[in-house]
Amino acid sequence: MDAIYKATVTAPVNIATLKYWGKRDVALNLPTNSSISVTLSQNDLRTTTTASASLLYTEDELYLNGSKEDVSSKRIQTLFRELRALRKAEEDKQTGSLVPLSKYYLRIVSENNFPTAAGLASSAAGFAALVKAVAELYQLPQSNEELSILARQGSGSACRSLFGGYVAWEMGSKADGSDSKAVQIAPYEHWPEMKAAILVVSAERKDTPSTSGMQLTVKTSSLFKERVNSVVPQRFEQMKKSILEKDFETFAHLTMADSNQFHATCLDSYPPIFYLNDVSRAAIRLVEDINKVAGEVVAAYTFDAGPNAVIYYLAQNEQLVLGPLRAALKNLPAWKEESHSHIQELMSDDFDK
Ligand code: DP6
């Protein structure tokens with residue numbers, strides 16, 4: 001009667017190399033374009049979430065990093081409702097043999113081991129972990145692809161955090177969103193030499209949240225139309241191919257070009273949105289210099305909706321890339337002044353498997 005049923009999971013952060021920016025259906029969270037990401041190692045940036053259900057609970061509750069959050073948002077309500085419906089279907093199938101958890105209140109306790117909402121994809125790992133944890137608590141038979149459809153409704157980028165390695169979010173074409181889901185392009189083991197370094201330029205909360213930022217871009221930017229109609233569909237195929245062929249140079253060019261175009265559409269929005277700052281721009285120049293000195297493309301930068309840089313490189317080029325980055329870190333006053341500025345080497349144990 002007073003039992004508490006529990007499940008704990010972790011979900012990793014993913015960083016898009018082909019950006020999702022724009023919704024064609026706000027209610028269902030359907031994107032205007034497909035996107036691609038690389039999932040970071042669970043050893044580095046991750047969310048750990050425990051979902052529990054009990055007759056002892058008197059309301060649904062959500063705790064994020066120790067503080068109680070509002071669960072009345074549409075996103076959370078949708079996830080709770082859909083997950084309960086899936087559990088209910090199982091309870092109905094196995095008449096009487098399953099505890100009726102679908103009728104119990106839920107408690108979700110979530111911890112990030114990195115700054116929340118600083119452009120470090122915290123909502124991606126957070127919503128992915130929520131869906132995974134409740135799915136596990138409910139022992140749902142759904143595949144990760146099917147669960148990604150749910151996670152997408154929490155936060156678009158979250159659907160990609162259901163998988164390790166190299167992941168595509170296929171935008172889909174159905175009006176009900178049932179084919180807008182994440183799929184794995186290749187597992188981590190396919191290209192284990194890939195590494196990433198994160199330059200935490202600022203751990204402050206970002207100015208313009210992604211959701212409202214992208215809606216402003218869709219409404220006001222003409223460059224955005226060109227991007228979704230003519231640029232991204234081609235890039236999506238090219239980037240998938242570069243991953244499958246382990247062609248770092250092409251992957252890097254596409255990644256940098258896509259980050260630049262995404263931030264250009266932000267600037268082309270009205271009023272303009274600025275996510276990059278002077279330190280971000282210095283990081284871009286530095287990566288360009290590193291590639292010039294190397295005589296080939298050994299590093300690729302990308303920035304989400306914040307000033308922090310993620311730099312991809314191959315293990316064999318680590319010294320070539322991290323050496324100058326570390327040296328520059330010492331010479332850039334802004335990097336020294338900011339207490340959170342540091343270079344964090346990720347994926348030394350590499351991506352999530
Ligand atoms: C720049 O997934 O946070 O990181 O669906 O409104 O929750 P919502 O947006 P969100 O946007 C992420 C934008 C991005 C690019 C990306 O991850 O693809």
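**Entry 1: Arg235**

I started with Arg235, which counts as buried because its relative accessibility is 13%; buried means under 20% relative accessible area, exposed over 50% and partly exposed in between, with a 1.4 Å probe and protein chains only. Before going on, I noted that this is a predicted model, where local features need pLDDT of at least 70 and side-chain atom pairs count only at pLDDT 80 or more, while totals for chains, interfaces and linings use all residues. I also noted that residues are numbered from 1 along each chain as its sequence is written, and that side-chain values use heavy atoms, with hydrogens and water left out.

Arg235 sits in helix α5. Helices here are DSSP runs of H or I with at least four residues, strands are runs of E with at least two, and both are numbered from the N terminus. Leaving out residues up to four places away in sequence, I found that Arg235 touches Leu18, Arg227, Leu254, Ala257, Asp258 and Gln261; contact means heavy atoms within 4.5 Å.

**Entry 2: helix α5**

The expected span is 1.5 Å times one less than the number of residues.

Where does α5 bend? I found a bend of about 45° at Val231, with a proline, Pro233, following within four residues. The bend is the angle between axes fitted to the seven residues ending at a residue and the seven starting there.

The buried residues of α5 include Phe224, Val228, Val232 and Met239. Among the elements covering the buried residues of α5 are β2 (14-18), β10 (166-170) and α6 (248-267).

Ser221 caps the N-terminal end, with a side-chain oxygen 3.3 Å from the backbone nitrogen of Leu223. Just after α5, Lys246 takes a positive phi of about 50°.

**Entry 3: helix α7**

I then turned to α7 (residues 278-294), whose 17 residues reach 24 Å from first C-alpha to last, close to the 24 Å expected. Asn277 caps its N-terminal end: a side-chain oxygen lies 3.0 Å from the backbone nitrogen of Val279. Gly295 follows α7 with a positive phi, near 75°. Ala283, Leu286 and Asn291 are among the buried residues of α7.

Is Asn29 buried or exposed? I found Asn29 buried, with a relative accessible area of 4%. Asn29 lies in the loop between β3 (23-25) and β4 (30-31). A polar contact of 2.5 Å joins its side chain to that of Lys23; such a contact is a pair of N or O atoms within 3.5 Å, where within protein one must be able to donate a hydrogen and the other to accept it, and residues adjacent in sequence count only if both atoms are side-chain atoms. The Asn29 side chain also reaches the backbone oxygen of Arg152 at 2.8 Å.

A polar side-chain atom of Asn29 lies 3.1 Å from a ligand oxygen, and one of Ser157 lies 2.6 Å from a ligand oxygen. The protein covers 95% of the 460 Å² of accessible area that the ligand has on its own, by the Shrake-Rupley method with a 1.4 Å probe. α4 gives the most to the shell around the ligand, with three residues.

**Entry 4: Thr95**

Last, I looked up Thr95, which is exposed, with a relative accessible area of 67%. Thr95 is in the loop between α1 (74-93) and β9 (105-112).
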